[in-house]
Amino acid sequence: QLQLVESGGGVAQPGESLRLSCTSPGLTLEFSAIAWFRQVAGKERERVTAIGPGDGGTFYVDSVKGRFTISRDKAKNAVYLQMSHLNPEDTAVYYCAAGRYTSSAVVAGHWTQYGMDYWGKGTQVTVSS
């Protein structure tokens with residue numbers, strides 16, 4: 001079953017942290033570039049971060065640099081998004097996706113939603129006081 005499953009969303013107050021998980025029952029995530037996107041209702045889906053295949057490099061959009069960290073756990077076939085210092089602008093549905101980008105392409109920022117092959121259904125993150 002080649003799909004991704006996100007978990008870990010919820011409600012947080014400004015300044016708090018959440019960790020999202022991305023797993024797959026049928027896809028070995030280690031062999032793919034994995035990206036996180038987010039979308040607010042009525043707006044375009046936007047990139048957040050990505051990690052290259054294997055021990056690949058990472059990329060973060062400016063708005064989350066220094067606050068979010070993407071990582072892999074190969075043994076658990078999982079990719080995590082650790083989100084710290086959350087603010088209301090981080091409120092969105094977060095999606096993970098798998099694609100065939102190389103590590104070099106990920107690090108250079110040369111990846112988009114249109115190049116992703118598999119998607120999860122998303123998990124809601126709400127940051128509110």
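# Questions about one chain

Mentor: Asn77 sits in the loop between strand 7 (68–73) and strand 8 (78–83). The model is predicted, so local features need pLDDT of at least 70 and side-chain atom pairs count only at pLDDT 80 or more, while totals for chains, interfaces and linings use all residues. Residues are numbered from 1 along each chain as its sequence is written, and side-chain values use heavy atoms, with hydrogens and water left out.

Trainee: Why is Asn77 called buried?

Mentor: Buried means under 20% relative accessible area, exposed means over 50%, and partly exposed is in between (1.4 Å probe, protein chains only). Asn77 has a relative accessible area of 17%, so Asn77 counts as buried.

Trainee: What is the phi of Asn77?

Mentor: Phi of Asn77 is positive, about 50°, although Asn77 is not a glycine. Most residues other than glycine have a negative phi. His85, also not a glycine, has a positive phi near 50°.

Trainee: Where does His85 lie, and why is His85 called exposed?

Mentor: His85 lies in the loop between strand 8 and strand 9 (92–99). The relative accessibility of His85 is 53%, so His85 counts as exposed.

Trainee: Why is Asn87 called partly exposed?

Mentor: Asn87 has a relative accessible area of 23%, which is why Asn87 counts as partly exposed. Asn87 lies in the loop between strand 8 and strand 9.

Trainee: Which residues does Asn87 touch, not counting residues up to four places away in sequence?

Mentor: Arg67 and Val127; contact means heavy atoms within 4.5 Å. For Tyr101 and Asn87, 14 residues apart along the chain, the C-alpha separation is 30 Å.

Trainee: Where is Tyr101, and why does Tyr101 count as buried?

Mentor: Tyr101 is in the loop between strand 9 and helix 1 (103–108). The relative accessibility of Tyr101 is 18%, so Tyr101 counts as buried. Leaving aside neighbours within four places in sequence, Tyr101 is in contact with Ala33, Pro53, Val106, His110, Trp111, Thr112, Gly115 and Met116.

Trainee: What does Trp111 touch, not counting residues up to four places away in sequence?

Mentor: Among the residues that Trp111 touches are Ala35, Phe37, Arg47, Phe59, Tyr101 and Met116. Trp111 is also one of the residues with the most contacts inside the largest nonpolar core.

Trainee: What makes a set of residues a nonpolar core?

Mentor: A nonpolar core is a set of buried Ala, Val, Leu, Ile, Met, Phe, Trp, Tyr and Cys residues joined through side-chain atoms within 4.5 Å. The largest has 37 residues, and those with the most contacts inside it include Cys22, Phe68, Val79 and Trp36.

Trainee: Why does Trp36 count as buried?

Mentor: The relative accessibility of Trp36 is 0%, so Trp36 counts as buried. Trp36 is in strand 4 (residues 33–39). Trp36 and Ser104 are 68 residues apart in sequence and 17 Å apart in space, C-alpha to C-alpha.

Trainee: Why is Ser21 called buried?

Mentor: Ser21 has a relative accessible area of 13%, so Ser21 counts as buried. Ser21 belongs to strand 3 (residues 18–23). Beyond four places in sequence, Ser21 touches Val5, Glu6, Ser7, Trp36, Val79 and Tyr80.

Trainee: Why is Tyr60 called buried?

Mentor: Tyr60, in strand 6 (residues 58–60), has a relative accessible area of 17% and so counts as buried. Not counting residues up to four places away in sequence, Tyr60 touches Val48, Thr49, Lys65, Phe68, Thr69 and Ile70. The C-alpha atoms of Tyr60 and Ile70 are separated by 8.7 Å.

Trainee: How many helices and strands are in the protein chain?

Mentor: The protein chain has 1 helix and 11 strands, where helices (H or I, at least four residues) and strands (E, at least two) are DSSP runs numbered from the N terminus. Read along the sequence, the pattern is β-β-β-β-β-β-β-β-β-α-β-β.

Trainee: Why is the protein chain called as compact as a globular protein of that length?

Mentor: The radius of gyration is taken over C-alpha atoms, and the globule rule is 2.2 Å times the number of residues to the power 0.38. The protein chain has a radius of gyration of 13 Å, close to the 14 Å that the rule gives for 129 residues, so the chain is as compact as a globular protein of that length. Of the 129 residues, 45% count as buried.
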